[in-house]
Amino acid sequence: MSAVNDNPSGKLTIAFFKCDSLQKESIEKHGEYQDVIHNLFEPLLPEPLTLETLTYDVLEKREYPKDEDLEKIDAIVISGSFEDEAHSDTRWILKLAGFLIKIYDEYPRIRILGICFGLQVIARAFGPSQIQENPEGWEVGSTRMDLTEIGKSLIWGENKKSAKEPENLKDHVNMQQIHSDIVTEVPSDFHLLGISEKCPVQGVVAFYPEGHQPPAFTHSHHHTLPSEPWCNVHIIAFQGHPEWHEDILIPFIDNYEKKGTFDAEFAEKAREQSKKEHDGERIGRVLLRVLGVA
């Protein structure tokens, strides 16, 4: 594929892989998974760039983009999921992992972004990596993620100079969380972005090979791409939910309390934790920078 797109569309096109649904209460107020990620990105886009979100139900319908659709897609975003554990050998998960490998091999121009379960299935697809139930228990609400040097550069760097001087940057970020499974080992050729008190892999990133010109996007010429290191990111994933806020998280907590997964004390602490400040908008801006929106 050409490294430079000579006919930019002025439209950032994202394929959203829907791996589950939100709670009914959240859907009524904020829309489905794809609406929530759209609502995170769209207000951050500079004019005249627009956002198109194409949704594929990879869980219930096993929907995927056709080859002709992939030609206009800039990125794939893999949602969270409570349906199955990422290490399960259910057919929809095996198909998803295989499709991600296909995209990596055959469509290297397309960036891959994972959120929560999305990180876990990326770790499975590009392993070797271990996914297991967290012996420390559930991690819920706004949670501190301590950053590696690469994590500092990507999340808090503002330009090429600051990206190369991560020791001068903020050393953590707060993200909304709700998960009991964790990735315990960083996949081959990936780098760790950060850890939390309960989770050893809170984020990972894979770069394009050194010395290769990063592929352009459908919406821009190469000269409009951001500086290093953002332009070199091929795959990036977080265990947390930058697109979620307390109104989306609390219905999940309430439901788990009703089912007995959370006891009353844990559920109340989780609700309070979800109301604390988080850096979802900051992560949204970082992901857009990775997608060529400087």
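Start with helix 5, residues 117–125. In this predicted model, helix 5 is mostly covered: eight of its nine residues are buried. Color them to see where they sit: Phe117, Gly118, Leu119, Gln120, Val121, Ile122, Ala123 and Ala125.

Now select residues 91–106, which form helix 4. Helix 4 packs against helix 5 at an angle of about 70°. Their axes are 9 Å apart. Angles of 65 to 115 degrees count as roughly perpendicular, so helix 4 is roughly perpendicular to helix 5. Turn the view and look at how they pass: the crossing of helix 4 with helix 5 is right-handed.

Which residues in helix 4 and helix 5 meet? Show side chains for Trp92, Ile93, Leu94, Leu96, Ala97, Leu100 and Ile101 on the helix 4 side. On the helix 5 side, show Phe117, Val121, Ile122, Arg124 and Ala125. Sort the residues of this contact by type: 11 are nonpolar, none is polar and one is charged.

**Into the core**

Next, select Leu12, Phe238 and Trp244. The largest nonpolar core has 52 residues, and these three touch the most other members.

Center on Phe238. What is Phe238 in contact with, leaving aside its neighbours within four places in sequence? Gly114, Ile115, Cys116 and Leu119 are among its contacts.

**On to helix 6**

Go to residues 149–156, which make up helix 6. This helix is mostly covered too: six of its eight residues are buried. Highlight Gly151, Lys152, Ser153, Leu154, Ile155 and Trp156, the buried ones. Keep Leu154 and Ile155 on screen for the last stop.

**Finish at Val286**

Select Val286 in helix 10, which covers residues 280–290. Is Val286 buried or exposed? Buried means under 20% relative accessible area. Val286 has 5%, so it is buried.

Leave aside the neighbours of Val286 within four places in sequence, and its contacts are Leu154 and Ile155. Both of these are buried residues of helix 6.

One more selection: Trp230. Val286 and Trp230 are 56 residues apart in sequence. In space, they are 8.1 Å apart, C-alpha to C-alpha.

Methods. Residues numbered from 1 in each chain as written. Predicted model: local features only at pLDDT ≥ 70, side-chain atom pairs only at ≥ 80, totals over all residues. Heavy atoms only, no water. Core = buried A, V, L, I, M, F, W, Y, C linked by side-chain atoms within 4.5 Å. Buried < 20%, exposed > 50% of the residue type's maximum accessible area, 1.4 Å probe, protein only. Contact = heavy atoms within 4.5 Å. Axes fitted to C-alpha atoms, helices over the stretch in contact; angles between N-to-C directions. Helix = DSSP H or I, 4+ residues; strand = E, 2+ residues; numbered from the N terminus. Parallel < 35°, antiparallel > 145°, perpendicular 65-115°, else oblique. Left-handed = near helix turned anticlockwise from the far one by under 90°. Nonpolar A, V, L, I, M, F, W, Y, C, P; charged D, E, K, R; others polar.
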